[in-house]
Amino acid sequence: MSGHLSYGFGIVSGAVRREPEAPRCARDQEDGTIWVVPRVTALSARDVPATVRAVLTPEAVSMYSHEASAVWRLGVPVLAGVDTSRLDDGARVLVDFEEGEIHPGRGAGRETNGPAGRTVPARIDVLAELETAADLQAAGDADGIAVLDIEDVAVMGAGRARDLLREIGARGHAMPAIRFFDRHPRPAPGEPRIGHRGARLASEDAVVAEFLRLVEALDLGRAPTVVLPMYAHAHEFERFAARMAPLTDRLGVTVECAEAALCLGRITPYCSLVEIGLNDLTQFSVAWDRDVVNGEVMSPCRISDGVAALIARVSDTVAGGRAQYSLGLDLRPSPELAEQIAGLGVPAISCPAPLAARWRAIVPRAKP
């Protein structure tokens, strides 16, 4: 793909418009505009007018970064890490998101929702990741809803979060688990900041307090599953399970480092849910910053061999147990990646809500 990162599919054609101050941009452009912006991570879906068909940017956004999910949620395809210096305002171009290339000329028009190509005959459930209530509409034909982050629930507020969970139930989905970080009280300077990159849980008391506040605020009649991120050592999870026993036995863990993957056998007896966070697991396994693009060690098209071996180890550990199991990833859906995931024994994937339909087209739901 010419070294570019394609957050889109098919072919798009239109007229270039450079927006050096996006998202503070003009709205008086013609339909079929292809935006050229210095930083796509400065945009949100609210900033992109309906007239824009695609976004080009020299900013290289790693598909293992925190920002990858936000780029997928922009609502238009994005080609990142591309040289835009020679693109003039008004020039007609064709952007091929399959090859990651830009060509001069008009082309055939917008085809971003074209066919996904060949399908993969594997049983993989697709779970949609929600950050806002609006994501539920984008989830489409997903098999279920992935784990919610407590940060996103807090931003929604108790009322909107309660409505969202009830709507999820009305659609026939199970109540999603909630991933907790100890956000309160705020850490002092120099102390671990949970929820930030590379941080570890520092305070069980804070997680318990957050959990109790959430249960009271949502008033749903039953407590959600509590998912702990960044746990590495078995004794940490065992201690936390004992602490939570009077409150709930529905616990989950996010596997994000090799230690957790290799010691999972001691943790699974306490778990009703196991998920793998591919981005962090890859970063800590290959010793490379997940925000820095490096296609050799962090391919946007394939899980690296070492990380794949850890995922297979988790699959073997979880198999036959009571825990639900999924792999969370922001990588670009493809039949080749689906085949690799299926070969690792993964029964479910979770992805940004707009990608759920794309994965479903590649891995059709098994007939009843």
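The model is predicted. A search of the whole structure finds two cavities of 30 Å³ or more, and the second largest pocket holds about 520 Å³ of space.

**Cavities**

- The largest cavity has a volume of about 50 Å³.
- Its lining is formed by L5, S62, M63 and Y64, together with V292, V293, N294, M298 and P300.

**Second largest pocket**

- The lining of the second largest pocket consists of 26 residues, and those nearest the centre of the pocket are I145, A174, M175, L273 and Q324.
- Five elements are listed as giving two or more residues to this lining: β8 (125-129), β9 (144-145), β14 (271-277), β15 (324-328) and β16 (348-352).
- The lining of the second largest pocket divides into 13 nonpolar, seven polar and six charged residues.

**Residue T225**

- T225 is placed in the loop that runs between α5 (204-218) and β12 (226-228).
- With a relative accessible area of 14%, T225 counts as buried, because the cut-off for that class is under 20%.
- Leaving aside residues up to four places away in sequence, T225 touches A177, I178, R250, L251, G252 and S272.

Methods
Residues are numbered from 1 along each chain as its sequence is written. This is a predicted model: local features need pLDDT of at least 70, side-chain atom pairs count only at pLDDT 80 or more; totals for chains, interfaces and linings use all residues. Side-chain values use heavy atoms; hydrogens and water are left out. On a 1 Å grid over the protein atoms alone, a cavity is a set of points where a 1.4 Å probe fits but cannot get out, and a pocket is an open set with protein on both sides within 12 Å along at least five of seven lines; lining residues have an atom within 4 Å of a point. Grid points are joined across faces, edges and corners, and a volume is the space filled by probe spheres set on the points. Helices (H or I, at least four residues) and strands (E, at least two) are DSSP runs, numbered from the N terminus. Ala, Val, Leu, Ile, Met, Phe, Trp, Tyr, Cys and Pro count as nonpolar, Asp, Glu, Lys and Arg as charged, and the others, Gly among them, as polar. Buried means under 20% relative accessible area, exposed over 50%, partly exposed in between (1.4 Å probe, protein chains only). Contact means heavy atoms within 4.5 Å.
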